[in-house]
Amino acid sequence: MNFNGVDPSTFEEFLEPEEYVDHGHLFETDQIFNSKPELVNWAKEIAIKVNTYLIVTQYLRSRTSDRRSYVTLGCERGGANKQKMKPVVDDEEHEVQVKRRGPYGTKKCGCPFKLKGEQMVMCENWQVFVHDGRHNHAIGVYTHGHAQAAKLTEEQLIEIEQFRKSHVPPHNILRFFREQNVGCAVSAQKIYNVVAKIKKNRMQEQNTVEEVLCISAIRDYTVFYRNCEDSNMLSDIVVAHPTSIEMLRTWPYVQHATVGSGRDDPDW
């Protein structure tokens with residue numbers, strides 16, 4: 001039995017050939033696709049519905065008329081893990097390659113699932129064909145931890161940017177997405193990464209102090225700062241909200257109004 005170079009004893013969910021899960025009928029279609037990305041997205045969306053995940057394993061773009069362009073899609077658990085090598089110098093000062101040691105795991109189990117999309121002759125349209133629709137592993141129940149299932153859509157990215165303008169915390173944004181979609185597999189780390197990217201793009205070439213001064217000017221904050229006389233470097237900075245300035249200015253009138261009204265106790 002050929003396991004594509006993978007030892008089946010290392011996988012608890014490895015199935016026997018008679019127990020393979022066949023999903024080939026889900027991808028058998030006569031649909032014509034306008035482009036390669038449309039075909040790939042269609043296949044990935046169907047796979048996600050049954051808790052499997054596809055990746056592009058091979059793509060050939062033909063530049064001649066006698067060959068057609070094609071793309072191959074396989075299960076993310078297909079193939080075998082390639083253990084990395086590192087150079088080590090032995091006693092005789094000869095450099096040799098040895099395998100890296102460590103408790104490394106892999107999700108690769110030689111899954112034979114394979115789809116092939118081909119460009120039609122004399123046009124830009126694409127068709128998809130099932131070469132092998134079987135999975136040799138148990139189908140997952142939970143989608144958490146999969147990059148494709150946790151990928152943010154364009155609409156979600158726009159919503160995150162709008163939420164951040166209103167200073168909504170990332171964990172509340174994640175709760176909003178999960179309330180909208182019970183099966184949402186987006187992790188909190190994804191939200192924090194997007195928030196950090198938005199902040200980085202906003203800052204562009206500015207440093208932290210310049211960013212503070214820029215935001216303060218946009219939001220009409222009052223800024224007081226002082227430079228060091230010797231080096232002319234910024235030594236102190238005070239940022240005050242307009243409402244705080246207004247309250248400070250009205251404080252003498254409030255103090256005057258309380259005198260003689262029974263509220264002139266210093267502890268009041």
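Predicted model: local features only at pLDDT ≥ 70, side-chain atom pairs only at ≥ 80, totals over all residues.
Local features need pLDDT of at least 70, side-chain atom pairs count only at pLDDT 80 or more, and totals for chains, interfaces and linings use all residues. Residues are numbered from 1 along each chain as its sequence is written, and side-chain values use heavy atoms, without hydrogens and water.

The largest nonpolar core holds 17 residues. Such a core is a set of buried Ala, Val, Leu, Ile, Met, Phe, Trp, Tyr and Cys residues joined through side-chain atoms within 4.5 Å; buried means under 20% relative accessible area, with a 1.4 Å probe and protein chains only. Phe27, Leu54, Leu73 and Leu115 touch the most other members. At least two residues each come from α1 (36-49), β3 (70-75) and β7 (126-132). These elements are DSSP runs, helices (H or I) of at least four residues and strands (E) of at least two, numbered from the N terminus. Helix α1 gives the most, with 6 residues. Beyond four places away in sequence, Phe27 touches Trp42, Ala43, Ile46, Ala47, Leu54, Phe113, Leu115, Val128 and Val130. Another core lies apart, with 10 residues, including Leu152, Ile173, Cys184 and Val194.

Helices α2 (154-165) and α4 (188-203) pack at about 65°, with axes 10 Å apart. Axes are lines fitted to C-alpha atoms over the stretch in contact, and angles run from 0 to 180 degrees between N-to-C directions. The angle therefore makes α2 roughly perpendicular to α4, a class that spans 65 to 115 degrees. Contact (heavy atoms within 4.5 Å) involves Leu157, Ile160, Glu161 and Arg164 of α2 and Ile191, Val194, Val195 and Ile198 of α4.

Key:
Buried < 20%, exposed > 50% of the residue type's maximum accessible area, 1.4 Å probe, protein only. Parallel < 35°, antiparallel > 145°, perpendicular 65-115°, else oblique.
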